[in-house]
Amino acid sequence: MGTTVSDYFVERLYDWGVRRIYGYPGDGINGVMGALNRANGKIRFIQARHEEMAAFMASADAKFSGGLGVCLATSGPGASHLITGLYDARLDHMPVLAIVGQQARTSLGSHYQQELDLTAMFKDVSGAFVQQASAPAQVRHLVDRGIRTAYGERRVATIILPNDLQDEAYTEPGHAHGMVHSGIGYSRPKVVPYREDLELAAEALNAGRKVAILVGAGALGATDEVIQVAEKLGAGVAKALLGKAALPDELPWVTGSIGLLGTEPSYKLMTECDTLLMIGSGFPYSEFLPQEGQARGVQIDIKADMLSLRYPMEVSLQGDSAETLRLLLPLLTEKTDRSWRRKVEGWREDWEKTLEARAMVAADPINPQRVVFELSPRLPDRAVITCDSGSCANWYARDLKIRRDMLCSLSGGLASMGAAVPYAIAAKFAHPDRPVVALVGDGAMQMNNMAELITVAKYWREWDNSQWICAVFNNEDLNQVTWEQRAMQGDPKFEASQNIPDVPYHRFAESIGLKGIYVDREDRVAAAWEEALAADRPVVIEFKTDPDVPPLPPHIKLEQAKAYVQTLLQGDPDQRGIIKQSAKQVLSRMLPGKPKS
């Protein structure tokens with residue numbers, strides 16, 4: 001058998017450095033699947049349970065490996081299933097290549113089975129590059145330009161392969177008009193601002209007496225540089241959720257997360273600063289940044305379209321965070337007045353006491369804050385932590401302490417449910433020697449994550465380190481939205497939409513060969529984590545948590561307070577519990593002893 005288009009396609013991906021493809025098969029992509037089989041493992045095909053999960057895995061692989069994430073699906077519904085996971089990659093600026101099948105070229109336009117206009121369908125999520133192949137000699141430049149675009153623009157690229165083309169004999173482009181001769185390779189450029197712009201930024205930062213720094217995902221590779229700048233400026237540093245691993249939380253002037261899921265010291269940092277340095281962050285909620293005109297602003301971002309977007313910056317520096325900070329450092333003046341730094345550290349110290357007090361408040365049956373509070377000091381070195389969207393993200397944002405050399409992430413810009421388990425699976429394939437922990441709500445488990453536990457059961461024996469833990473917060477409630485209904489809309493809990501079935505997640509895990517642990521007592525939380533971390537196989541640890549524990553924002557606005565009172569006046573079905581737990585959380589620092597009942 002000669003070289004088919006699919007054989008060439010797979011070989012070209014390999015030459016680009018692709019070693020893993022996440023996906024699900026189907027007849028629209030059978031030619032490529034056959035070529036992967038004939039390649040004898042040069043590229044590993046990892047079978048997800050659903051194409052959406054495969055796209056989440058590709059997005060997470062790009063985040064955790066620093067390389068290109070790749071996913072694959074068949075035509076029609078297989079291709080459309082990829083979209084949500086690909087939007088996760090697009091909104092978090094991850095380089096991902098999607099490979100999708102299509103019906104035969106001769107059938108297109110005939111209302112054929114599984115015929116969708118894939119180029120149009122992928123145009124928004126993959127606007128940087130989406131092309132359908134029509135001839136063998138075209139495939140070479142589609143692969144080369146698609147991957148180079150994904151890397152260079154940190155975007156999603158999509159290549160569509162009709163199924164009849166996949167099995168045709170491959171021919172190289174000829175030396176003729178209309179033929180394109182492309183090549184392999186991409187090197188990330190060194191992008192830094194001009195000296196005069198750096199001097200303007202330094203002038204603004206040097207003049208500040210109360211400097212606040214906000215770091216995001218763009219600062220993940222600039223830990224040492226951010227620390228040096230913060231020390232020189234005597235600044236406090238807040239972290240957007242995607243930048244949680246940018247700085248270790250052991251630093252006393254790191255105030256933690258920002259926003260509704262953020263901390264009180266981060267809120268104070270932003271409301272009292274006179275200068276803001278934003279590094280690699282697209283944090284969207286401007287109400288948690290300084291008021292316009294309060295602070296002079298300097299921003300560093302690799303993407304021009306993210307500059308001066310959330311706060312009107314005095315100086316906008318387009319460049320790589322680490323490289324730009326290295327050039328900026330010699331221009332900064334060391335601040336001798338450390339009163340602002342001491343104030344920030346005092347806020348942080350008080351907040352740590354508040355967090356512990358809140359976590360140790362007794363609930364019925366388990367306070368969800370305590371689940372993450374007890375995990376944090378027990379996390380192994382080099383652990384990878386993933387989190388789903390929902391109320392569990394509050395505890396991940398506030399109670400989880402990150403140390404150096406840890407990795408963590410979640411669906412940031414898209415904030416999609418259902419990402420934590422596929423993220424944790426991809427983390428294991430990118431780093432099979434690292435311990436991995438996923439924090440997941442029961443809503444996301446029922447939506448799609450339970451099925452992906454089967455993927456874990458299929459592959460875990462080949463991982464170098466078998467520590468893989470999925471912690472499920474089982475409160476039988478779509479809890480984050482329930483609290484949003486109360487605090488933002490002033491509506492009581494709508495049980496028809498919010499109550500979900502009680503499922504024995506730990507027993508499901510046991511039924512597929514994983515270890516299951518069930519915890520419904522607060523005095524068992526710490527021991528359960530230790531048991532899970534010592535297990536000889538992946539674990540699903542199910543915590544029966546109290547849905548009435550409120551995810552208190554760092555600052556309660558008058559509108560939120562009014563909405564909450566309106567909810568109570570209307571009569572919430574969980575009214576007694578939410579009043580009791582809200583009061584205990586607010587008063588936790590004032591009440592003696594712990595745990596508090």
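Numbering starts from 1 along each chain as its sequence is written. Since this is a predicted model, local features need pLDDT of at least 70 and side-chain atom pairs count only at pLDDT 80 or more, while totals for chains, interfaces and linings use all residues; side-chain values use heavy atoms, leaving out hydrogens and water.

**The sheet**

Six strands line up as β2-β1-β3-β4-β6-β5 in an open sheet with parallel pairing. Helices (H or I, at least four residues) and strands (E, at least two) are DSSP runs, numbered from the N terminus, and two strands pair if DSSP finds at least two bridges between them. At the edges sit β2 (44–47) and β5 (129–132), each pairing on one side only. From one strand to the next, the twist averages 20 degrees.

β5 runs parallel to β6 (residues 156–162), with four bridges joining them; Val130 has Thr158 in β6 as its bridge partner. Helix α7 (residues 139–153) packs on this sheet, touching β4 (96–102), β5 and β6 (contact: heavy atoms within 4.5 Å). The direction of α7 makes about 165 degrees with that of β5 (axes are lines fitted to C-alpha atoms, for helices over the stretch in contact; angles run from 0 to 180 degrees between N-to-C directions).

Most residues other than glycine have a negative phi, and most peptide bonds are trans.

| Site | Backbone value | Loop |
|---|---|---|
| Asp364–Pro365 | cis, omega about 0 degrees | Pro365: α13 (339–359) to α14 (368–375) |
| Arg382 | phi about 65 degrees | α14 to β13 (384–387) |
| Asp405 | phi about 75 degrees | α15 (392–399) to β14 (407–410) |

Arg382 is partly exposed at 33% relative accessible area, whereas Asp405 is exposed at 56% (buried is under 20%, exposed over 50%, partly exposed in between; 1.4 Å probe, protein chains only).
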